[in-house]
Amino acid sequence: MTKALPSVSRPASPGFATFDDPRHSLLVDGDGEPDFGAIQTSEDFLALKRRVTRFILPATLLFLAWYVTFVLLSAYAADFMSTPLFGTVNVGLTMGFLQFVTTIIITMAYARYSKKRLDPQVEKVRALAETDEELA
C-alpha cells in the first residue's frame with residue numbers, strides 16, 4: 001500500500017501521510033491544536049505533577065507547622081516569647097524575623113529545584129504539544 005506524498009506547493013501538515021518518520025509522537029488533535037486531555041494523561045505530564053508535589057507538599061506542611069507554632073507561642077506563651085536574648089531583642093522578635101528568613105530560603109530552594117528537576121520535565125511536556133510548524 002502506498003502513502004500519499006505532499007505536493008511541492010503544500011507543506012505537510014499533522015495527519016498528512018508521508019514516508020518520513022515523525023520526529024516524536026505529537027499529542028495534537030485533527031486541527032493541529034494540543035489535545036489537552038491526552039497531554040494530562042501522558043506519562044511525562046504525570047511525572048511533572050509528581051515532581052511538583054514532591055517539593056510543594058513537604059515545604060508547605062513544614063512552613064505551616066513553623067508558622068502555627070509561632071502564632072500559638074505568641075498567643076499562649078507570652079512569657080516565653082518575651083524572654084530577652086540580647087538587649088531589647090527577645091524570642092518573639094527573633095522568631096518573627098526567622099519567618100522572613102524561612103520564606104526566602106524556601107523560595108531559593110524552590111527556584112533551584114525547579115531549575116534542576118521541573119524545567120527539563122516541562123520541556124518534555126511542551127514537546128508533546130508542538131506542531132510541525134513550531135519544530136521547523
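## Exercises on a predicted model

Confidence in the protein is lowest in helix 5 (residues 132–135), at a mean pLDDT of 52, and highest in helix 2 (residues 43–76), at 95. Here pLDDT is the predictor's confidence in each residue, from 0 to 100. Helices (H or I, at least four residues) and strands (E, at least two) are DSSP runs, numbered from the N terminus. This is a predicted model: local features need pLDDT of at least 70, side-chain atom pairs count only at pLDDT 80 or more, and totals for chains, interfaces and linings use all residues. Residues are numbered from 1 along each chain as its sequence is written, and side-chain values use heavy atoms, with hydrogens and water left out.

**Exercise 1.** Find the stretch with pLDDT below 50.

*Solution.* Start with the whole protein: its mean pLDDT is 82, and 76% of its residues reach 70 or more. Next, go to residues 4–11, where pLDDT is below 50. Beyond near neighbours in sequence, this stretch has eleven contacts (heavy atoms within 4.5 Å) in the model. Where pLDDT is low, the predicted coordinates should not be read in detail.

**Exercise 2.** Describe the surroundings of Leu118.

*Solution.* List the contacts: leaving out residues up to four places away in sequence, Leu118 touches Leu48, Arg51, Val52, Tyr110 and Tyr113. Take Val52: the C-alpha atoms of Leu118 and Val52 are 7.2 Å apart, across 66 residues of sequence.
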